[in-house]
Amino acid sequence: MNTNDVAQQSLWQAWILQARNNPRVTTGLLLAGACLLILLLAGTYRALTSVDDTAFEYALVGGFAGFGATALGALAAFGLRSIPVRTQDTMLGFAAGMMLAASSFSLLLPGLEAAQEITGSALLGSAVVVLGLAFGVLLMLGLDYFTPHMHQELGTQGPEYKRLNGVWLFVLAIVLHNLPEGMAIGVSFSKSDMTVGLPLTTAIAIQDIPEGLAVALALRAIGMPVGRAVLLAAASGVMEPLGAIVGVGMSSGMAVAYPMSLGLAAGAMIFVVSHEVIPETHRNGHQTFATIGLMAGFAVMMFLDTALG
């Protein structure tokens, strides 16, 4: 058995152990994965039988806008070796506020409106979006539980897998963060509706700039050369165009897939904000500044949704 086989077997064993330790999270991830697979298959069938690929093009452009913004923020690390922790917490709070507002105004509200129109019932329409919201939370909870990753304050999370060093564990944490953002962009453009997709993509791109800088500076702080830190921080944004493809695919099939996918993307983003971003900004005693940043980000996104929507 070669080294790669041993590594794969070790990771597989770690996953099995995680599944046995928490069967509820495992079941939730399987349910969310099955829902996502069904939506993707329906969307793929529609894409193969349709001649209109405008939604796919919009989603891809939006995803690359997020990637470009992440790279732009990372490039600033060439001129900055560090920034005050209070400033960093405020910036991440601002990003969290924009993500929360985007989830509310650009995902949940359009989802509720579309679901009620499709079902002809406010009750059934709300149930569709809530179901999607639940699947989004289950998906991110499962991915967080089964993916080895590391946070600066909490250390290593997920299954124990010794063959990944701290740098890659940290990068995987950022990948988990960027995936729902890309999915949200893809879902928002699945109807080629600029009034939904443009405000959300603009908001995500704006908050990706401080995120890219924060990631690059964090990598520099653990001893990585500046060039490699910038490159890895920028590369973490690749998950946004990839997530956008998944998002537009899963929401383009059945009629009910659109509002359900909007709910799913919102649930995934809200989970990341509550589970990752807000706790990270409150651990250093700067919760007041982080909260002010969050409210400012929420207000900016609310303005963008009104002005561009």
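Biologist: How many aromatic pairs does the structure hold?

Modeller: The structure holds four aromatic pairs, a pair being two rings of Phe, Tyr or Trp (its six-membered ring) with their centres within 6.5 Å. This is a predicted model, in which local features need pLDDT of at least 70 and side-chain atom pairs count only at pLDDT 80 or more, while totals for chains, interfaces and linings use all residues. Residues are numbered from 1 along each chain as its sequence is written, and side-chain values use heavy atoms, with hydrogens and water left out.

Biologist: What makes Y58 and F189 a pair, and why is the pair called tilted?

Modeller: The ring centres of Y58 and F189 lie 5.8 Å apart, with 55 degrees between the planes; planes under 30 degrees apart count as stacked and those over 60 as edge-to-face, so the rest, this pair included, are tilted. Y58 belongs to helix α3 (residues 54-75), whereas F189 is in the loop between α6 (166-188) and α7 (194-221), 131 residues apart. Helices here are DSSP runs of H or I with at least four residues, strands are runs of E with at least two, and both are numbered from the N terminus.

Biologist: Are Y58 and F189 buried or exposed?

Modeller: The terms rest on relative accessible area (1.4 Å probe, protein chains only), with buried meaning under 20%, exposed over 50% and partly exposed in between. At 31%, Y58 is therefore partly exposed, whereas F189, at 5%, is buried.

Biologist: What kind of pair do F64 and F67 form, and how do you know?

Modeller: Their planes stand at 80 degrees and their ring centres are 6.3 Å apart, so the F64 and F67 pair is edge-to-face. Both lie in helix α3, and because they are three residues apart, about one helical turn separates them. F64 has 46% relative accessibility, so F64 counts as partly exposed, and F67, at 25%, is likewise partly exposed.

Biologist: How do you know that the length of helix α4 agrees with its number of residues?

Modeller: The expected span is 1.5 Å times one less than the number of residues, so the 35 residues of α4 (residues 85-119) should span 51 Å, and the 48 Å between its end C-alpha atoms agrees with this. G120, which follows α4, has a positive phi, near 75 degrees.

Biologist: What makes a set of residues a nonpolar core, and which residues touch the most other members of the largest one?

Modeller: A nonpolar core consists of buried Ala, Val, Leu, Ile, Met, Phe, Trp, Tyr and Cys residues joined through side-chain atoms within 4.5 Å. The largest has 55 residues, among which L107, L139, A184, L200, M250 and M269 touch the most other members. Helix α10 (residues 257-282) gives the largest share of this core, 13 residues. A second, separate core of 16 residues includes L213, A229, V230 and A234.

Biologist: Why is I270 called partly exposed, and which residues does I270 touch?

Modeller: I270, in helix α10, has 29% relative accessibility and therefore counts as partly exposed. Not counting residues up to four places away in sequence, I270 touches L100, S103, L108 and L133, where contact means heavy atoms within 4.5 Å. The C-alpha atoms of I270 and L133 are separated by 9.2 Å, although the two residues are 137 apart along the chain.
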